[in-house]
Amino acid sequence: MARKINKQEVIVTGFGGQGIVLAGKILGMAAALGDHKESTLVQSYGPESRGGACCAQVIISDRVIQYPYVNMADVLVCMSQSAYEKYKDQIKPEGYLITDKDLVKPDGRREVFDIPATRMAEELGRKMMANIIMLGFVTAVSTLVSEKAAREAVNSSVPKGTEEMNLKAFTKGFEYGLSKLKGKEKKAAGKTGAIA
Amino acid sequence: MTKRQQTIPEPRNRESVEFGLIMENYNIILFLCNWGPHAAYQQLQDNGYQIPPEVKMVRIPCTGRISKALLFKAFEMGADGVAIVGCNSGACRYGSGTLTAENNTEDTRSIIDLLGMGKERMRLATFLPDESGALKTFLADFCEEIKAMGKSPVLPSASRPPETSGESVRQILARYDANSCQDCGKCTASCPLALSGKAYSPRNLVSDIIRGNDTAGKINADIHACLTCGICYERCPSNVNFPEFIRDMRCILNRDGEGSDRTQPHGGFFQSLMRTMTSPAILPDRWKWLPEDIQTDPDGKILFFGGCAPYFDAFFKKHQQVNTVDIIADALRLLNFFDVRPRLMEAERCCGHDLLWSGDRTNFLRLAKLNTEMIRDLGIETVITACPECYHTMSLEYPKNGIQPGFTVMHLYTFLEHEIDKGAVTFKPLPHRITYQDSCRMNRMEEIRDLPRKLIQRLSVEQFREMKDSGLSALCCGNCAWTGCDAYTKALQVKRIRQAHDTGSDLMVTSCPKCQIHLRCAMEDPFQEAELKMEMTDLTSLIARTICWE
Ligand code: SF4
Ligand code: SF4
Ligand code: SF4
């Protein structure tokens with residue numbers, strides 16, 4: 001308990017067009033505006049994004065952030081296989097790996113929190129909203145931002161007229177996340193099914 | 001039959017109880033076989049022995065002839081105890097009488113036990129002609145025990161004023177706009193009873209009633225034959241709600257004493273059971289079978305309403321392997337799976353569906369009032385049930401009959417779809433090819449057709465195929481509200497089961513416990529058993545068995 005600085009570093013990655021940077025931006029905004037913390041956002045353009053991988057680095061902290069780049073993430077969110085391959089080693093041993101279940105096949109070396117965000121977005125009729133579903137999921141399974149802050153940030157960041165749809169997508173992801181946590185807890189207690 | 005019923009005593013004298021007089025009249029019915037034990041009984045009388053005054057003896061030809069319905073009816077009419085006394089097993093003049101009586105007694109005892117009346121109120125004993133001493137001890141003993149238990153909590157429904165107002169046939173014709181019938185015959189052409197060859201035509205029935213023909217005889221019988229399945233209503237161009245029209249006609253006939261007990265299968269046992277539950281003092285003990293792994297919350301705001309499955313299982317124990325309480329247990333397990341620990345109502349009564357649909361509105365209203373009052377007193381906000389009839393009745397019929405529940409009624413499938421749709425759960429593979437039997441209450445009356453199918457699509461089965469008649473045109477399981485079971489409904493059931501086999505399935509999935517009971521009954525045909533047998537499971541159980549966290 002010596003120096004408990006509450007600082008969490010996040011890498012959100014996927015391929016161009018998935019709304020990765022917007023997801024990072026909403027996360028940072030939620031922390032700063034809703035939860036009144038410090039946050040930074042670095043979007044990587046440049047050579048590394050050429051392979052199709054796109055990346056947003058977010059830091060959320062109680063104190064002023066001196067250096068905005070993330071080397072080793074507390075939370076790594078991967079929405080494509082290539083992004084996963086590229087960033088899978090940039091995660092702390094105790095960090096969280098979060099993936100799109102249908103788009104990423106992890107190597108099985110660590111525990112994963114996965115959600116079929118793209119499929120769920122398609123079921124909602126908007127593939128583009130996969131990032132918002134993912135955001136809802138991340139909000140539920142991690143301690144990065146509060147639900148209220150995340151919702152407000154979604155509401156103010158998405159194009160006018162699409163708020164309701166996006167909030168619905170957020171709820172989908174969030175509830176999936178809560179179910180996932182419940183499932184993990186139950187499995188840990190040895191209860192996998194309904195019949196003992 | 002009527003003579004015998006007259007020998008069953010009048011309902012006990014309430015006034016003497018109310019005025020606090022200790023002189024309580026106990027009524028103990030003794031069904032006494034004409035052969036062995038009657039000789040012993042006579043010997044007692046010949047020897048000047050005073051039979052205890054509370055014992056009312058009914059002389060019968062054989063204990064095996066006293067059905068569960070007759071045994072139970074004695075309690076319904078206010079008996080405090082019932083003894084059935086016959087010959088020793090080997091001495092039965094007809095061979096199997098005593099054995100039948102043993103079975104009937106055992107089943108009836110478990111049912112009065114579920115009702116919380118105590119199974120000790122019923123006894124079976126056998127005596128040889130020369131065992132008058134033993135018979136004397138038995139009678140004294142039994143009277144002693146019944147008095148120690150106190151009066152029966154049953155308040156005979158016939159002793160109370162009816163709860164319905166006088167409605168005329170005319171009013172009912174107007175309500176369902178039956179006069180707009182175009183005589184097109186689409187109803188008869190789609191009616192599964194007519195299609196099974198029964199000389200029965202909803203079209204004729206409507207016009208007969210419109211013409212004011214006497215409701216006795218054939219018309220009365222037809223009104224009680226309808227399955228209230230609702231296919232005809234789907235087809236009717238004039239939108240005549242035939243099943244509800246029939247229901248209200250039954251209520252009129254019943255009110256006027258023209259209700260037909262003869263059309264009630266199992267001797268009217270179930271109607272009798274449900275009427276008994278209208279006694280406010282009955283305190284059912286219906287949850288004692290609950291498996292230990294199920295978690296409930298005695299202070300919760302969500303109530304799980306179980307339905308009558310425990311009574312059905314007790315009644316049909318020896319005929320079919322019905323185990324419809326499994327559906328209740330599995331429904332509770334599914335709620336627990338999603339962290340809902342519901343409250344259970346100790347004194348839960350029948351929802352009243354079968355009484356209403358067999359024409360007894362008075363007692364339906366009594367049940368409806370008792371249930372809603374008790375649920376409201378517990379501060380319940382939501383009632384969840386897995387039974388289509390309970391769901392339909394509580395959510396729709398209660399308000400329609402002027403009883404505002406004040407809580408939300410939800411079918412388990414709605415809850416499940418909502419939870420499963422959140423994600424993170426999956427289903428273990430189930431090595432079965434399945435087909436689905438629609439429940440008429442959920443399918444045509446509540447328009448809940450797609451929901452069970454959506455849940456079925458989530459399962460991981462080898463194959464799911466619809467039967468030839470499914471959804472809106474699905475065939476009835478052959479009975480509704482324990483009214484009108486005959487050779488034609490049997491033919492209908494056989495047709496339905498064949499349709500299920502034709503899908504190439506090895507498992508029929510049901511959503512109503514009664515579909516299982518009635519269809520299983522048809523499968524028991526000794527001549528066609530091998531051809532008809534098919535495994536049946538309720539959708540709730542199937543989900544409970546295979547659901548798991550991802
Ligand atoms: S409700 Fe069913 S059984 Fe009754 S008349 Fe209509 S189709 Fe026939
Ligand atoms: S389908 Fe309707 S209109 Fe046609 S005969 Fe039957 S009740 Fe009359
Ligand atoms: S089908 Fe069988 S179980 Fe159903 S009412 Fe008829 S006899 Fe009874």
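This is a tour of a predicted model with chains A and B, chain by chain and then residue by residue.

Residues are numbered from 1 along each chain as its sequence is written, and chains are lettered from A and ligands numbered from 1 in the order in which they are written. Because the model is predicted, local features need pLDDT of at least 70 and side-chain atom pairs count only at pLDDT 80 or more, while totals for chains, interfaces and linings use all residues; side-chain values use heavy atoms, with hydrogens and water left out.

**Stop 1: chain A**

Select chain A and colour by secondary structure. There are 6 helices and 6 strands, where helices (H or I, at least four residues) and strands (E, at least two) are DSSP runs numbered from the N terminus. Read from the N terminus, the order of elements is β-α-β-β-β-α-β-β-α-α-α-α. The radius of gyration of chain A, taken over C-alpha atoms, is 16 Å; the globule rule gives 16 Å for 196 residues, so chain A is as compact as a globular protein of that length. That rule is 2.2 Å times the number of residues to the power 0.38. The C-alpha trace spans about 50 × 50 × 35 Å along its principal axes.

Of the 196 residues in chain A, 49% are buried. Buried means under 20% relative accessible area, exposed means over 50%, and partly exposed lies in between (1.4 Å probe, protein chains only). Chain A exposes about 9,800 Å², with 54% of it from carbon and sulfur atoms; these areas come from the Shrake-Rupley method with a 1.4 Å probe, and for residues only the protein chains shown count as cover.

For contacts (heavy atoms within 4.5 Å), take the pairs in chain A with a separation of 6 or more: 59% of them join residues 24 or more positions apart. To look at charge, select Lys and Arg as positive and Asp and Glu as negative, leaving out His and the chain ends. The place of each charge is NZ of Lys, CZ of Arg, CG of Asp or CD of Glu. Chain A has 28 positive and 22 negative charges, and their mean positions are 2 Å apart.

**Stop 2: two loops of chain A**

Select A:His36, in the loop between α1 (20-34) and β2 (38-44). A:His36 is not a glycine, yet its phi is positive, at about 55°. With a relative accessible area of 67%, A:His36 is exposed.

Next select A:Tyr69, in the loop between β3 (53-61) and β4 (73-78). A:Tyr69 is partly exposed, at a relative accessible area of 44%. Leaving aside neighbours within four places in sequence, A:Tyr69 is in contact with A:Glu9, A:Val42, A:Gln57 and A:Ile59. For a distance across the chain, pick the C-alpha atoms of A:Tyr69 and A:Phe170: these residues are 101 apart along the chain and the atoms are separated by 27 Å.

**Stop 3: chain B**

Switch to chain B, which has 26 helices and 14 strands. The C-alpha trace of chain B spans about 75 × 60 × 55 Å along its principal axes. Buried residues are 60% of the 550. Chain B exposes about 21,700 Å², 50% of it supplied by carbon and sulfur atoms.

Among contacts between residues at least 6 apart in sequence, 81% in chain B join residues at least 24 apart. The 64 positive and 69 negative charges of chain B have mean positions 4 Å apart.

**Stop 4: the cores**

A nonpolar core is a set of buried Ala, Val, Leu, Ile, Met, Phe, Trp, Tyr and Cys residues joined through side-chain atoms within 4.5 Å. The largest has 105 residues, and B:Phe304 and B:Ile547 have the most contacts inside it. Select helix α16 (residues 325-337) of chain B, which gives the most to this core, with 8 residues. A second, separate core has 43 residues, including A:Ala31, A:Met120, A:Met134 and A:Leu144.

Centre on B:Phe304. Beyond neighbours within four places in sequence, its contacts include B:Trp287, B:Ile328, B:Leu332, B:Arg343 and B:Glu348.

**Stop 5**

Select B:Thr393 in helix α19 (residues 388-400). B:Thr393 is buried, at 1% relative accessibility. Neighbours within four places in sequence aside, B:Thr393 is in contact with B:Cys351, B:His353, B:Phe364 and B:Tyr398.

Finish at B:His266, in the loop between α13 (242-255) and α14 (269-276). Its phi is positive, near 60°, in a residue other than glycine. B:His266 is partly exposed, with a relative accessible area of 37%.
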